[in-house]
Amino acid sequence: MKDILFKKFKISDNEELFVPNKPKKEKLIRRRKKVAEVKLDGKISKDQNKSLKKYREGGEGFIRWCEDHVHLAIYKENATVPTWIPMNEMPEDKHPETGRSYKDMWEMQKPILRKALAMENGRFKHRLIVLCWMRGDGKSLIACLIQLWKFFCFPRQQIMLGANSKDQVKFVHYDIMKDIILNSPKLLKIIGVKNLQEKEMRLVDSKKRVISIVRSISSFSGIVSNITGYTFSEIFDMKNPKFFVQLDGSIRNIPNAMGVIDSTVSEKTHILWHLYQ
C-alpha cells in the first residue's frame, strides 16, 4: 500500500483541497515458462580427436580411460572418511567379511565390460546394457562411468540420467558423476568447476561453445528426443513403464547411442524381466 493516499491542492491562502489518489493500474505480464535448451554448437579439435582415439576402442578403451583419468572413493579399514584413489592403483587388501579387495572387484568387472562395450567397425554392438547385480557390487558406479566415458571421449553427447522420481535421479547418478569429476584432477581440469551445475554438466570448447551435456531428468521433465545415451536407476521399482519407453525410444535412430540400466531383480511381470527375456 502506498504511503500517500491523497493529493493536496492549494485553492487559496486559507483553503486546501484533498483529493484521493487514483492508484495506477498494475500491468500484469504473463510469461510463458520455457525449458532451457542447450544447443550443441561446439566441436572437438583435431588434436583432441587424435588424443581421444585410444579411448574410443570399446571396452578396452573404456578401461584405459578409467585407469588414466578416474579417481574413486575408497574406504580403508576402520575409516569413516573415503580416500580418493586412481583406478589404476586400487588397493589389494582383502575385506575381512567379503574376502575381496577393490582391485579384485575391478578385475572381475573388466571381462564383463569388454563384452558389454564391444565395438565393430566403429559401432557399439549393444545399445542397451542392464547391470543386475547384488547391492554393493558397484552397478550404479559402472553405469555412471560408462556415460562419463562417452561424455568425455565421444563428440556431441546428450546424455540423460533418468529414474522413477526427481529426487532419486538427482541424489544417485548425478551426484556420483559430480563427485567423481570433483575428485579426479584430470577430469576437473577438462570440464571446469563452473560447468558443473546443479542438474547439468557441460563440456565446452575453446570458444565456450557447448560440445556435450549430461542432464538429470525424471518423468516430470517431459519428453526428450535424439539423445546419445541415458542411465536409469532402480528400474525394478517402476510402476508405469511409459517414461522409460519414451526415454529408450529417444536413442533409436542415433548412431552409437546407448542406454545403461542398473537395478536389482524384479518380478516376472515387470518390464525388466521382459528386457532380460
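Student: Buried means under 20% relative accessible area, exposed over 50%, and partly exposed in between (1.4 Å probe, protein chains only). Where does Lys-110 fall, buried or exposed?

Tutor: Lys-110 is buried, with a relative accessible area of 8%. This is a predicted model, where local features need pLDDT of at least 70 and side-chain atom pairs count only at pLDDT 80 or more, while totals for chains, interfaces and linings use all residues. Residues are numbered from 1 along each chain as its sequence is written, and side-chain values use heavy atoms, with hydrogens and water left out.

Student: What does Lys-110 form a salt bridge with?

Tutor: Its partner is Glu-67, with the closest N and O atoms 2.9 Å apart. A salt bridge here is a side-chain nitrogen of Lys or Arg within 4 Å of a carboxyl oxygen of Asp or Glu. Lys-110 lies in helix H3 (residues 102-116) and Glu-67 in helix H2 (residues 58-69), so the pair ties together parts that are 43 residues apart in sequence. Helices (H or I, at least four residues) and strands (E, at least two) are DSSP runs, numbered from the N terminus.

Student: And Glu-67, how accessible?

Tutor: Glu-67 is partly exposed, at 21% relative accessible area.

Student: How many salt bridges in total?

Tutor: The count is 10 salt bridges. One of them joins Glu-200 and Arg-202 at 2.5 Å, N to O. Glu-200 is buried at 7%, whereas Arg-202 is partly exposed at 23%.

Student: Which residues are joined into a network?

Tutor: Glu-67, Lys-103, Glu-107 and Lys-110 are, through salt bridges that share partners.

Student: Changing topic. What is the strand order in the open sheet?

Tutor: The order is E7-E12-E11-E8-E10-E9, 6 strands with mixed pairing; two strands pair if DSSP finds at least two bridges between them. E7 (128-131) and E9 (200-204) are the edge strands, each with a single partner strand, so one side of each has no neighbour in the sheet. On average, neighbouring strands are turned by 10° against each other, direction ignored.

Student: How do E11 and E12 run?

Tutor: Parallel, with 5 bridges joining E11 (residues 229-233) to E12 (residues 258-262). Ser-233 has Asp-262 in E12 as its bridge partner.

Student: What lies across them?

Tutor: Helix H7 (residues 242-249) lies across E7, E8 (158-163), E11 and E12, at about 160° to E11. Contact means heavy atoms within 4.5 Å; axes are lines fitted to C-alpha atoms, for helices over the stretch in contact, and angles run from 0 to 180 degrees between N-to-C directions.

Student: How many residues of H4 are buried?

Tutor: 14 of its 15 residues are buried.
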